[in-house]
Amino acid sequence: MQMCGLPRLEARMLLEHVLDKPRAWLLAHDTDVVAPELAAKFLTLCAERRRGTPMAHLIGYREFMAYRFMVTQDVLIPRPETELLVEVGLEVVRNHPAPAILDLGTGSGAVAISLALLRPEAFVVATDLSVPALSVAQQNAQALGAKIQWWQGSWYEALPPEGRFDLIVSNPPYIASDDHHLKLGDLRFEPLSALTDGADGLMAIRAIIHGATAHLNSGGQLWIEHGYDQSERVQDLLRDQGFSGVRSMQDLAGIARVTGGAL
Ligand SMILES: C[S@@+](CC[C@H](N)C(=O)[O-])C[C@H]1O[C@@H](n2cnc3c(N)ncnc32)[C@H](O)[C@@H]1O
């Protein structure tokens, strides 16, 4: 069923956003007349959505691991499949009393902040090349009460040289630069530098795997999110770099989505 030319769920989310009221309020007031300026704002948002603007940009946030993350055009919109990276990371450090965790390419901060909130005794460091992305991540951390150390720069270059971790996680840009998906759907509205490495889709992953040996504690683990068809190549890269116990985990769609191993 459609409402103002959109799936009902999307239209309802836009109405909740414009009225600044939760769903229960809308249900209880379904015959109330909406003020003309709010109705106009709602119709404008509906039109933007019909033109393809992502819902997260229209309402300003996206839920991830049951937390609300502010999203702007400077960051990747956190994806449900990335929750697997957080879940795997939590499992890796489950028995560690105070793990040191690094999130490379943090974007909105979704991964680092979720880990910090779910393991408050962890020391969590997050990096990004993008200064505007780091600003969004810092605002999210403040709003959600997460304690994170932030560094700006390219992969490990952002870190002080002595930085060593029990767990490194990353959801790097992994779409090949010539992949036609970059011109479709929400991807058209997200920063290109968050989506593609400008090469074959494995360049950032190679850099992250290569640099991990100098930044993992003994027995530490590296886990990387990657494209639907990249798991075997990521496994090979990890083994070539001396990682053991290399394996991939499947997302809810049954796609090998996250690959990692121990040093
Ligand atoms: C796919 S997004 C992931 C964002 C967030 N971790 C998430 O899962 O929602 C990749 C992130 O890597 C960052 N990035 C791209 N190149 C980088 C580099 N050379 N060094 C550090 N971060 C980089 C981008 O700015 C972007 O925020």
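Domain bounds here come from an automatic or database domain assignment. For this protein chain, that assignment gives domain 1 (2–51) and domain 2 (74–262). Keep in mind as you look around that this is a predicted model. Taken over C-alpha atoms, the centres of domain 1 and domain 2 are separated by 35 Å.

The buried residues of helix 3 are Leu45, Cys46 and Arg49. These residues cover an arc of only 105° around the axis, so they sit on the same side of helix 3. Turned away from that buried side is a face with the exposed residues Pro36, Glu37, Ala40 and Arg50.

**Around the ligand**

Next, take a look at the ligand. Among the 23 residues around it, the nearest are Gly105, Gly107, Leu129, Asn171 and Ala194. Sorted by class, the shell has 12 nonpolar residues, 10 polar ones and one charged residue. Which elements each supply at least two residues of this shell? They are helix 6 (110–118), strand 6 (123–128) and helix 8 (192–195).

**A hairpin**

Strand 10 (residues 244–250) and strand 11 (residues 256–262) run antiparallel, joined by five bridges. Within this pair, serine 248 stands opposite threonine 259 of strand 11. The two strands form a hairpin with five residues between them, and glycine 254 in the turn has a positive phi of about 80°.

Most residues other than glycine have a negative phi.

| Residue | Phi | Loop between |
|---|---|---|
| Aspartate 20 | about 55° | helix 1 (8–19) and helix 2 (23–28) |

Is aspartate 20 buried or exposed? Aspartate 20 counts as exposed because it has 8 C-beta neighbours inside 10 Å, and a residue is exposed with 12 or fewer. Tryptophan 155 has 19 other C-beta atoms within 10 Å and is therefore partly exposed, since a residue needs 20 or more to be buried.

Methods
Residues are numbered from 1 along each chain as its sequence is written. This is a predicted model: local features need pLDDT of at least 70, side-chain atom pairs count only at pLDDT 80 or more; totals for chains, interfaces and linings use all residues. A residue is near a molecule or strand if its C-beta atom, placed from the backbone, lies within 6 Å of it. Helices (H or I, at least four residues) and strands (E, at least two) are DSSP runs, numbered from the N terminus. Ala, Val, Leu, Ile, Met, Phe, Trp, Tyr, Cys and Pro count as nonpolar, Asp, Glu, Lys and Arg as charged, and the others, Gly among them, as polar. Two strands pair if DSSP finds at least two bridges between them. The arc is that of the directions from the helix axis to the C-beta atoms.
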